[in-house]
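Reader: Could you walk me through this structure, starting with its pockets and then moving on to its strands?

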Amino acid sequence: MPVASCDKPIELLRKETIDLITFNYSHGEISMESFERRLDQALDSKTHEELTALTGDLDLKIDNYFKERKRQKFDFQMDANPAEDVDEIVSIFGGTDRRGVWKVSKEIRISTIFGGADVDFSEAVFSSKRTHVKVFCLFGGADIFVPEGINVVAKSTCIFGGFGNKIRTNGSPDAPMIVVEGFVLFGGFDIKLNKTLKERRRDFANKVKPVR
């Protein structure tokens, strides 16, 4: 017998509620406006009753295809085979762009001297639960993009420069952790979300729409 909604941990019920809203939107049962409104309410809800009410009128139940596509899209990719211990990203009077599917080393050193670097972890494959990122900017800049749900710890020393951390929430205990240490001299770097949860869910729902 399934566990009653009121007896589930609220964060588990929140995830199930968001999945059901996404699934019904992807199958055309609710409009985009309803999908975004319910998603916002699901993220803000504080009680089991509020979450349960958001899906009370939704008839479609999640199928295995949706579950597998969601796992591929939202689970952090881990590879037990170790990557290189240190990965050097150097930009001098130029730019570097690291994104897409790539394997993350235990330590990443980003150096920008009169140049720039973009490093995106959204589709990265992690080989370690903890990754150290060391950033050095001299008349240069760097942007580090992370997916929502990942754990980030950051600190920086700035001299005639700047540092911004736009990640406001921590991820789950099972998510990888990125530890960022920076030194900025006449430059700057930022840690940013690649996409919000709402944007990622909307993109995912559009990709899993059945062919009619």
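This is a predicted model: local features need pLDDT of at least 70, side-chain atom pairs count only at pLDDT 80 or more; totals for chains, interfaces and linings use all residues.

Reader: Which elements give two or more residues to the lining of the second largest pocket?
Author: By class, that lining has 7 nonpolar, 5 polar and 10 charged residues. The elements that supply two or more of its residues are α4 (64–74) and α5 (197–207).

Reader: Is strand β9 mostly covered or mostly uncovered, and how many of its residues are buried?
Author: Buried here stands for under 20% relative accessible area. By that cut-off, β9 (residues 141–146) is mostly covered, and the number of buried residues is 5 of 6.

Reader: Which residue is the bridge partner of F145 in β13?
Author: Let's start with β6 (residues 116–120), which runs parallel to β9 and is joined to it by 5 bridges; there, V119 is partnered with I144. Strand β13 (residues 188–193) is also parallel to β9, with 6 bridges between them. In β13, the partner of F145 is K192.

Reader: In the open sheet of 3 strands, which strands stand at the edges?
Author: The order in this sheet is β1-β7-β4, with parallel pairing. Both edge strands have a single partner strand, so one side of each is left without a neighbour in the sheet; these strands are β1 (77–78) and β4 (103–104).

Reader: And in β7, which residue is the bridge partner of K103?
Author: β4 pairs with β7 (residues 125–126) in the parallel sense, over 2 bridges. In β7, K103 is partnered with V125.

Terms used. Residues are numbered from 1 along each chain as its sequence is written. Side-chain values use heavy atoms; hydrogens and water are left out. Helices (H or I, at least four residues) and strands (E, at least two) are DSSP runs, numbered from the N terminus. Ala, Val, Leu, Ile, Met, Phe, Trp, Tyr, Cys and Pro count as nonpolar, Asp, Glu, Lys and Arg as charged, and the others, Gly among them, as polar. Buried means under 20% relative accessible area, exposed over 50%, partly exposed in between (1.4 Å probe, protein chains only). Two strands pair if DSSP finds at least two bridges between them.
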